[in-house]
Structures are given as structure tokens and as C-alpha cells.
Amino acid sequence: MRIIVPIKQVPETTNVRMDEQTGTMIREGVEAIVNPLDLYAIEAAIRLAEGAPAGECEVVAISMGPPKALVALREAIAMGADSAVLVTDKAFAGSDTWATSCVLAAAIRKLGRFDLVICGERATDGDTGQVGPGIAAWLDIPAVTYVNRVESLGEGRCRVSQLVEDGCQRLEMSLPGLLTVVKDVASPRLPTLRGKQRARRADVPHWGAADLDVAADNLGLAGSPTRVVKIFRPTVARNCRKLAPADERAVEQTAGELAGFLHGKGLL
Amino acid sequence: MKSERHSGVWILAEQSAGRLGRVSFELLTRGRALADKRGAELTAIVMGAALSDAELDELTARGADRVIAAEAPRLEHFLLEPHAACMCELIARRRPEIVIAAATTTGRTLMPYVAVKVGAGLTADCTELDIEPGTGNLLQTRPAIGGNILATILTPRHRPQMATVRPHSARPAPRRVPACRGQAGPDRTDKVERYRPAEALLAGRVRRVGFTPSGEQRSIQDADSVVAVGRGIKRAENIPLVAALAEAMGAALGATRDVVDRGWLSYPHQIGLSGKTIAPRLYVGVGVSGSIQHLAGMQTAETIVAINNDPDAQIFKVADFGIVADLFEVVPILIEKIGAAKAK
């Protein structure tokens with residue numbers, strides 16, 4: 001059994017700058033972390049591997065990104081992934097979700113046999129959640145999104161619970177297939193010292209465009225159907241009516257004022 | 001798919017147990033505006049097991065020029081493969097120029113899968129859609145990087161141009177003509193087209209084995225009003241106080257990441273970058289400081305109210321009405337005052 005976990009290195013969200021020309025993020029000089037939502041995917045995969053007989057299930061982390069995304073993959077290994085592959089090439093720069101899922105799917109195909117792909121729900125920088133289902137489409141495998149529990153895995157099938165707007169759907173998917181998981185699925189562990197040592201020593205292969213079976217037309221900015229044409233700051237000019245009641249009577253009056261404000265706007 | 005011969009605006013209506021969701025009518029508002037600007041026809045696509053005439057007429061009454069209903073037992077509940085196959089086939093045959101769906105669990109799963117299959121560009125979670133003068137291209141604007149920046153995105157060459165829009169980011173389209181609920185009007189047959197997709201399209205490798213409704217708890221994304229609780233609530237035992245406020249206001253209960261990480265409320269309540277993005281008519285933050293992560297998930301709410309004892313809390317920067325005070329003093333009185341205001 002082999003489980004593949006595509007992960008993304010993302011900037012800390014608070015201090016990101018944009019390249020006004022290309023509309024892409026300037027990643028230089030910004031602290032990078034593993035996409036927090038991907039940690040749940042890594043954890044879910046490791047738990048499934050731990051639940052299988054020893055040596056029968058391996059977890060492979062892959063990431064498409066600049067060379068420094070290697071750090072993210074080493075973190076996945078430190079948590080418990082067995083190996084990792086970095087997919088990196090200048091030709092991939094500026095990829096939108098369509099082009100990114102194309103390359104990741106090609107990398108997964110190159111890995112050979114696999115049973116399950118587990119993705120985080122979305123990345124906290126792009127915030128689209130499109131790459132997971134996109135990978136499934138390129139690989140032509142079934143997919144279940146928003147999985148909050150993996151109930152069982154084996155005999156060519158996987159039973160999961162999916163969080164939807166009005167409840168939880170229980171689904172059975174035949175393998176190979178893809179899952180995107182939400183936070184409820186498992187609480188991510190911290191890397192152990194031994195894990196960190198193993199991660200430092202691990203040999204992580206780098207694959208470029210030439211290593212993958214993917215049409216040159218589909219790569220990077222040129223291969224991406226969508227284009228960012230303008231970026232601008234939202235105007236959040238709200239005039240806050242801020243009241244600071246000093247005593248009990250003032251609290252009562254202020255609460256009354258708020259109730260009146262809401263009632264006046266038809267919000268009650 | 002790169003081609004010049006695409007026309008028409010499509011919206012993907014959503015149904016549950018044969019009833020159309022409110023989000024379908026919000027999509028009609030978006031779609032109608034775009035179709036009018038583009039001088040194009042607006043088509044509503046709906047997939048389900050069996051849809052009544054009354055439901056389908058509702059779509060035309062609220063602005064759709066045409067309705068295409070794909071009906072089959074396999075389409076009763078959303079399963080990715082059969083829904084995607086039907087959608088792909090319709091797109092290949094009819095060549096729409098624009099396809100819009102809601103950014104729900106359905107839309108956010110189906111659209112990226114279909115976009116890859118048909119070679120279309122897709123933009124997630126748009127807050128604004130418009131037509132570019134001159135080119136006629138779809139201008140798709142969405143928050144990026146935690147909502148600190150807005151990005152406008154184009155799909156210059158690929159067709160269709162696909163986008164998802166956040167639920168509650170547009171008003172539901174009103175009825176334009178009185179809905180002739182179920183009674184065949186003179187032109188329904190022209191406007192509403194039902195068909196049964198070919199068996200081959202309905203195959204899939206995922207089977208639904210059960211469903212547990214979430215019961216009383218309302219989805220924070222569907223609610224008109226949301227009361228969110230932050231770390232200022234201090235302990236799990238205090239949560240019922242805020243729940244009571246939510247109930248008094250007829251609001252759903254949301255939470256910050258802090259509260260969910262501590263296990264005081266479950267993940268479906270979480271608002272923010274790592275939780276849900278909401279755009280209700282009213283948001284009330286109680287003991288919420290307003291981290292960037294949280295603000296990104298709620299700052300497009302129409303009206304924002306904050307109650308926090310820290311006058312410098314970030315949440316006040318995006319609020320319309322703020323009370324700087326101890327929430328434990330304010331909330332019980334506020335519940336009373338709301339009861340009184342509603343009784344008026």
C-alpha cells in the first residue's frame with residue numbers, strides 16, 4: 001500500500017507582498033511554513049500506515065515549489081513520512097491551480113503504483129482548494145473532499161465520512177482514489193528527535209519538467225488558463241461606533257443602543 | 001478547450017431532496033447581471049433524481065432564460081464522478097462561455113474537477129464578477145492572501161470561463177414573473193428541458209452508504225446572522241452564554257480557531273483562514289480579538305458588531321458597532337434588550 005501526500009510550502013500569511021507586474025507572490029524574504037492544513041493530511045496518512053502491518057504501507061510526501069520547499073518535505077519526513085520528492089523547475093513558476101495539479105499528477109504517475117492520495121483541504125495562501133480535485137481529474141481517479149474521518153482502508157476500498165453543509169455523508173470509494181481532509185480527521189503530531197535526524201539524512205530526489213511526462217504547453221504561467229490582471233487593497237473603511245460604558249447603568253444603555261441599532265437595520 | 005464559438009452564461013443550481021437551495025437564486029442574481037451585460041442567454045443547470053415542475057419554474061421565474069435538468073437516481077446526492085461527467089458532456093455539447101457555481105462543498109469539488117477535464121480556467125471564491133468592456137472577458141475578483149488583498153483574474157483564452165462565488169455574497173434573485181408553480185405555462189416547454197443522461201456518464205467509483213444530519217446546528221455559512229465566540233470567553237463552561245445570545249438573535253454560532261483548538265466547539269463552527277469563510281448580513285464577535293486569520297473569514301459581512309474588553313482589539317477596525325466592555329456584563333443584558341426590541 002502506498003499513500004501519497006502532496007503538500008505546499010506557504011508564507012506566513014501576515015507579511016506577504018505581491019509582484020504588481022505578474023500578480024504573483026513575492027516569496028523571497030518571507031518565512032515559509034508547511035501549509036497548516038496539509039499537516040492534517042500528513043497525519044492522516046501516517047496513521048493509516050501505522051494501522052497497517054509493519055512495512056506494508058508507505059507514505060510519500062511530494063511538493064511542487066522552489067528548491068527551498070525541500071524544508072517542508074523534510075518536515076513531513078520528520079513527522080513520519082517514509083520518503084519525499086521535490087518537484088521543482090523554473091518552468092513551473094507562475095502556475096495556477098490547473099497547471100499545478102497537472103504537474104503534481106504527472107509526478108504521482110511517475111512514482112508508479114499508489115493506492116491513495118491525501119491532500120489538505122486547501123492552502124492558506126491561495127485558499128482555493130482546487131488542486132486536490134484537480135489532481136484527481138488529471139489522474140482520472142475518484143475523489144472525496146472535506147473528509148473528517150477515515151473509517152477503514154483495505155481490500156481495494158476506503159470508507160470515509162465527509163463533512164457537508166447539512167451533516168456528514170458516509171462514502172465508500174474504490175482505490176486508487178484521492179481524499180482531501182479537514183482538521184477533524186486527526187490532530188497533527190510534532191516531529192520526534194529521531195524523526196528530525198532521519199529527515200536530515202533523507203535523500204530527497206528533485207524532479208524537473210524534463211523528468212515528467214507533461215506537455216510543455218501546460219507548464220507555468222504560460223500553461224495556466226487564468227491570469228491575475230490586477231491586485232489592490234480592499235477598502236475596509238468602516239466607521240466603528242465604539243462605545244465604552246463605564247458602569248452598570250452605562251452597560252445597560254449601551255446594550256439597549258446596540259439592540260436598537262440592529263433592530264433599525266432589520267437584523268433581528 | 002480553446003475556442004471562439006462559446007456563448008451563454010450558465011449557473012449551476014443546487015438541490016437537496018428535490019428542493020432548490022437559496023444559493024441557486026443568488027447565482028441567478030450574478031448570472032442575470034452578467035448575461036445582460038454580455039447580451040447572452042442565462043441558463044440554469046440542475047442535476048438531481050427527480051425535480052418537480054414547480055421547482056424548475058422557480059428558476060425561470062427568477063431570471064433564467066432556460067433550464068436544463070439532468071435527472072437520474074445516481075444524481076440524487078452529490079457524487080463527484082457522475083455529476084462531473086454530466087457537466088462535462090453538457091459543456092462539450094453546448095459550449096457555454098461562462099459557468100458559475102456556488103463555493104459550497106459541491107461547487108468547490110465539482111468545478112476544479114470539471115475545469116481540468118474540459119481545459120477551462122477556474123477562479124475560486126469570487127466576491128465580484130463583471131464583464132470587461134471591449135473584450136467581453138469575465139473579470140473575476142477574489143480575496144487573496146488572507147483577504148488583505150483583492151485580485152482580479154481573467155481567463156483570456158480558455159473557454160468556458162469558470163468561477164465559484166461565495167454563498168451569501170449576492171441577494172437571491174426575486175421572482176420577476178409570478179411563478180406559475182407547477183401549472184404548465186404557455187412557454188415552459190420552450191424554457192425547461194429535462195433529460196436523462198446516458199448510463200455511461202452515471203458510473204462512479206464512490207458509493208454513498210449513509211448520512212447523519214447535523215441536527216439543530218445551523219451551518220454558519222448558510223446563516224443570515226452569525227455570533228462568533230473568541231478566547232475572551234475563557235472557559236468551555238461559558239460557551240452557553242454566547243449560544244444563548246445567538247439563539248436570541250436567531251443566529252448561528254461560530255468560533256475562532258483558538259476556541260476550536262481548545263475543543264470548546266467543534267470544527268464546523270470555525271471561522272477564518274483555516275476554517276470557513278462567511279459573509280452573513282450580520283456578524284457579532286464576542287470576546288474575539290480579530291486576528292488576520294479570523295478577519296479573513298468574516299470581514300465581508302454586511303454589518304459587523306464587536307464586544308471586547310480590549311479597546312485596541314483589531315476586530316474594532318472592521319466593526320460598524322463596538323462595545324468596549326466585559327462580555328460577561330454585556331451579553332446577559334444584551335439578550336434581554338434584544339428580546340425587548342424584537343417584541344416591539
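Mentor: Let us start with β17(B) and β18(B), which run parallel and are joined by four bridges. Before going on, please note that this is a predicted model, where local features need pLDDT of at least 70, side-chain atom pairs count only at pLDDT 80 or more, and totals for chains, interfaces and linings use all residues. Residues are numbered from 1 along each chain as its sequence is written, while chains are lettered from A and ligands numbered from 1 in the order in which they are written.

Trainee: What makes β17(B) and β18(B) a pair?
Mentor: Two strands pair if DSSP finds at least two bridges between them. β17(B) and β18(B) have four bridges, and N308(B) stands opposite V324(B) in β18(B). Strands here are DSSP runs of E with at least two residues, and helices are runs of H or I with at least four, both numbered from the N terminus.

Trainee: Which strand pairs with β17(B) over five bridges?
Mentor: That is strand β16 (residues 282-286) of chain B, in the parallel sense. I307(B) in β17(B) is the bridge partner of V286(B).

Trainee: Why is strand β17 of chain B called largely enclosed?
Mentor: A residue is buried if 20 or more other C-beta atoms, placed from the backbone, lie within 10 Å of its own; 12 or fewer makes it exposed, and in between it is partly exposed. Five of the six residues of strand β17 (residues 303-308) are buried, so the rest of the structure largely encloses it.

Trainee: How many residues does each chain bring to the contact?
Mentor: Chain A brings 73 residues and chain B 76, where contact means that the C-beta atoms of two residues, placed from the backbone, lie within 7 Å. Helix α9 (residues 327-343) of chain B gives the largest share of the chain B side, nine residues.

Trainee: Which strands pair across the two chains in the parallel sense?
Mentor: Strand β15 (residues 241-243) of chain A pairs with strand β18 (residues 321-324) of chain B over three bridges. In this pairing R241(A) faces F321(B).

Trainee: And what joins strand β14 of chain A to strand β10 of chain B?
Mentor: Five bridges do, between residues 227-232 of chain A and residues 149-154 of chain B, and the strands run antiparallel. V228(A) stands opposite I153(B). β10(B) also pairs with strand β9 (residues 138-144) of chain B, in the antiparallel sense over five bridges.
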